[in-house]
Amino acid sequence: MHKLSSIAAAAAAATLLLSACSATGADTDDAETTPAAGGEGGGETLIVYTNSNADGRAEWLTEQAAEAGFDIEVVGQGGGDTTNKILAEAGNPVADVVFGLNHMYFSQLVAADTIEPYEPAWSGEVDPDLADPSGEGYFWPLVQQGIVLAYNADVYTPEEAPQEWTDLWNDERFHERYETVDGLGGATTQLIFAGILDRFKDPEGDLGVSDEGWEQIQGYFEHGNPSVPDTDLYLRMAEGEVDMGQMFTSGIPSREEEYGVDSEIMRPEFGIPFAVEQIAVVKGTDQTDQAHEFIDWFGGAEAQAAWSAEFDSMPVNEGAIAEADPEIVEFHENLVQQDIDWEFVAENIASWIEKVELEYVP
């Protein structure tokens, strides 16, 4: 994985080209901003909820959107927290658009009737199998992310490293050398637990999971090294406090460069959880046209190519893939996706997280 860090500088330069005049440093309140193509512009601020706001994403998106004629406010929280916020605001929504959540969360929003269908202008440029499985067009894909265990390549070879998550707590070599996360509202953490618990499905078990499955979660917390508030995993790896921890694939290259850590990822034979980040219109918005226009812009090939160049993400838009760095594309295409029963997960994830918080988090 550490090979990807060599493209960081090139990615920054590519962004300037792909975004057609970078908006970095632009004044988002500039009254002379050109309205979005096909839109009226100059309307009320568009409220955008997301869990994909870290590492400068919220600032970049706000600036780029301003260049395209949109006045937006990005409200970022973890995936579970964002989902719960929209559910709590049903009938009296604050947000106009939501993006970054995966199928697991969007299925909850669809079931609660909190988002409404819309077919973006770029719908024909993405694989429909990655979108709303109902075919009703409630949500559409933007980015694919692998959810992985990243480890310090200077500490472990691929053969010495853990081969799957359960090795961390079942092999004493890794005890207290992996970071555990007790803030369970984020999508990355919830997807990791989903990937673990789905393997221990038991209709007779507590919340559909066998006793052995819950023992894995207990072991995760008992033998891990708790995360430190406001301290990045890669900083802790650089300082030797831990050797590994959870990460989303697009977050790795920038951290390798910033903290000087060469890392690799664990590659279980059965694969890793994938998050296909989606975008949708929040039901009840009073800015339906602007929400549609924003989605048409942000999910389009040009904006997604620029997003990929800036944040090392794997787009799903065919035009953006063609412009993406070949190393990013090759890396993600070589990842094995874990076969997870997402319907089972969606039905149980909220109860699982509640149980983990009450019974296992120290």
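Which residues have the most contacts inside the largest nonpolar core? I worked on a predicted model, in which local features need pLDDT of at least 70 and side-chain atom pairs count only at pLDDT 80 or more, while totals for chains, interfaces and linings use all residues. Residues are numbered from 1 along each chain as its sequence is written, and side-chain values use heavy atoms, with hydrogens and water left out.

**Entry 1: cores.** I found Val98, Trp165, Phe193 and Ile217 to have the most contacts inside the largest core, which has 65 residues. Helix 6 gives the most to this core, seven residues. I noted a second, separate core of 31 residues, with Tyr118, Leu130, Val143 and Val281 among them. A nonpolar core is here a set of buried Ala, Val, Leu, Ile, Met, Phe, Trp, Tyr and Cys residues joined through side-chain atoms within 4.5 Å; buried means under 20% relative accessible area, exposed over 50% and partly exposed in between, with a 1.4 Å probe and protein chains only.

**Entry 2: helix 6.** I then looked up helix 6 (187–197); helices are DSSP runs of H or I with at least four residues, strands are runs of E with at least two, and both are numbered from the N terminus. Eleven of its eleven residues are buried, so helix 6 is largely enclosed by the rest of the structure. Among these buried residues are Thr188, Gln190 and Phe193. Beyond its neighbours within four places in sequence, Phe193 is in contact (heavy atoms within 4.5 Å) with Leu184, Ile217, Tyr220, Phe221, Ile353 and Val356.

**Entry 3: cavities.** I listed two cavities of 30 Å³ or more. A cavity is a set of points on a 1 Å grid over the protein atoms alone where a 1.4 Å probe fits but cannot get out, and lining residues have an atom within 4 Å of a point. Points are joined across faces, edges and corners, and volume is the space filled by probe spheres set on them.

The largest cavity has a volume of about 90 Å³. Of its 14 lining residues, Trp165, Phe270, Gly271, Pro273 and Gln338 are the closest to its centre. Helix 6 supplies the largest share of this lining, three residues.

The second largest cavity holds about 30 Å³. Its lining includes Tyr118, Trp140 and Val281, and strand 11 (residues 274–282) gives the largest share, three residues.

Definitions and conventions. 1 Å grid on protein atoms, 1.4 Å probe; cavity = no way out; pocket = protein on both sides within 12 Å on 5 of 7 lines; lining within 4 Å.
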